[in-house]
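Welcome! Here is a short tour of a fold, from its overall layout to its sheet.

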Amino acid sequence: MTERVDRDANRELRARFEDVHGQYQQLRSGLDTLQTRVAELRVTRRSADGQVTATVGARGELVSLDLTPAIYRDRDAAALSRKISETISAATAAVTAAIHDLVAETMPVASGSADFLRTGDFGALLGRADAVLGRGEGSA
């Protein structure tokens, strides 16, 4: 009888391990894809009048800035400076939103990763692990 119980328990543990391992492999594959997509991510924004075009990379770094010849007509350096800054800021905000969307597509909903990117709150990032450990789900 004890032998049968042990075999059943081992079979259940093996099935659970295979399930968790499969989830890990799927997550790992998704992270590889996410890393590639983020590395290739570029976002471009154009000012309302079309005179300034800014492209930023995934970290918000300026990749390119294009100005049309029309910028020379106004000759208002302060206005041009504001327009450039606003256009770069819009591109940076858009790339941040794009990364949030990419992470949300890849990471499990309850992981807290997407919330962390949105809020910068480490509690959101660690909240799921704390909840699991607090309920004793981590020990089985």
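Two heavy atoms within 4.5 Å make a contact. With that in hand, residues 24 or more positions apart account for 40% of the contacts in the protein chain with a separation of 6 or more. The model is a predicted one, where local features need pLDDT of at least 70, side-chain atom pairs count only at pLDDT 80 or more, and totals for chains, interfaces and linings use all residues. Residues are numbered from 1 along each chain as its sequence is written, and side-chain values use heavy atoms, leaving out hydrogens and water.

Along the sequence they follow the pattern α-β-β-β-α-α-α-α.

Now to the sheet. The 3 strands form an open sheet in the order β1-β2-β3 with antiparallel pairing, where two strands pair if DSSP finds at least two bridges between them. Because β1 and β3 stand at the edges with a single partner strand each, one side of each is left without a neighbour in the sheet.

| Strand | Residues |
|---|---|
| β1 | 42-46 |
| β2 | 52-57 |
| β3 | 62-67 |

Strand β2 is joined to β3 by 5 bridges, and L62 in β3 is the bridge partner of V56. Helix α3 (residues 77-106) packs on this sheet and touches β1, β2 and β3. Its direction makes about 35° with that of β2, using axes fitted as lines to C-alpha atoms (for helices over the stretch in contact) and angles from 0 to 180 degrees between N-to-C directions.

Key: Helix = DSSP H or I, 4+ residues; strand = E, 2+ residues; numbered from the N terminus.
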